[in-house]
Amino acid sequence: MSKARDPFYIVKEEIQESIDKLQSSFHQWERILPDTGEQVHLTKELLANCEIIEWQVDELNKTIDVAAIDPSWYGIDNRELESRRRWTITARTQVGDVKKSVVARKENGNSASAMRRELMKLLISHQSDRSYQYSAEDNDDFIASKLDRQMLLIEQQDEELDELSASVERIGGVGLTIHEELLAQEKIIDDLGTEMDSTTNRLDFVQKKVAIVMKNASAKGQIMMILFLLVLFIILFILIFLT
């Protein structure tokens, strides 16, 4: 079987291409500053690719073991089997070197980060202790000052509430006075309407009587009656509207 048609060499080329990409990414990873987002992302990607390639090499190595049972049936010899085994060992070594370097740098980075965090904690704790020693008395003064300000604000708010209450009482008194005046005016209007109705009824009664008298009296008597009624009307008008 020619190498171009042998499945081993087809898979071998794919795995070798993956290894070349892995090594290229590894060299790029080495140039990136540690503890950065890009470095963390690329670290995870490299480790994942190492796991995938190692699995592919293991599977390919299993096919070599199967072919080693009867090489002639697969059209290969022991020399070819040894060459294939050497390649899988080399591929596994290349992937293993990348994986070891990435894991070692990752662990060192975690240790360095942990050490930096511990140092920062100690520094912050030391600064906090010194700040507490120097600012204890200042804190007492500050608290006392804040309490005084709060008491002053409470007093001001009480005064403002008292003024507001007094204003509301004054407005309520004015409203009550206006209401009483409106009731008084309404009563006056009602009384005036009652008097007007009474006067209208009286005038209607007088007009009816005058009509009856005019109808039964003579011309002279009618004139006298008109004069009498006119004088009576004037008297009534003076009594009603001018007294």
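Start with helix α1 (residues 7–30), where E17 and K21 sit four residues apart, so about one helical turn separates them. Helices here are DSSP runs of H or I, at least four residues long, numbered from the N terminus. E17 and K21 form a salt bridge, with their closest N and O atoms 3.8 Å apart. That term means a side-chain nitrogen of Lys or Arg within 4 Å of a carboxyl oxygen of Asp or Glu. Why can such pairs form? Side chains of opposite charge can pair when their charged atoms come close.

A quick word on what you're looking at: this is a predicted model, where local features need pLDDT of at least 70, side-chain atom pairs count only at pLDDT 80 or more, and totals for chains, interfaces and linings use all residues. Residues are numbered from 1 along each chain as its sequence is written, and side-chain values use heavy atoms, leaving out hydrogens and water.

Back to that pair: K21 is exposed at 52% relative accessible area, while E17 is partly exposed at 46%. The cut-offs are under 20% for buried, over 50% for exposed, and partly exposed in between (1.4 Å probe, protein chains only).

Now hop to helix α3 (residues 78–216). Its E80 and R84 are also four residues apart, about one turn of the helix. Their side chains meet in a salt bridge at 3.0 Å, N to O, and both residues are buried.

Which salt bridge links distant parts of the chain? E54 and K99 meet at 3.6 Å, N to O. E54 is in helix α2 (residues 37–67) and K99 is in helix α3, 45 residues apart. K99 is partly exposed, at 22%.

Key. Helices (H or I, at least four residues) and strands (E, at least two) are DSSP runs, numbered from the N terminus.
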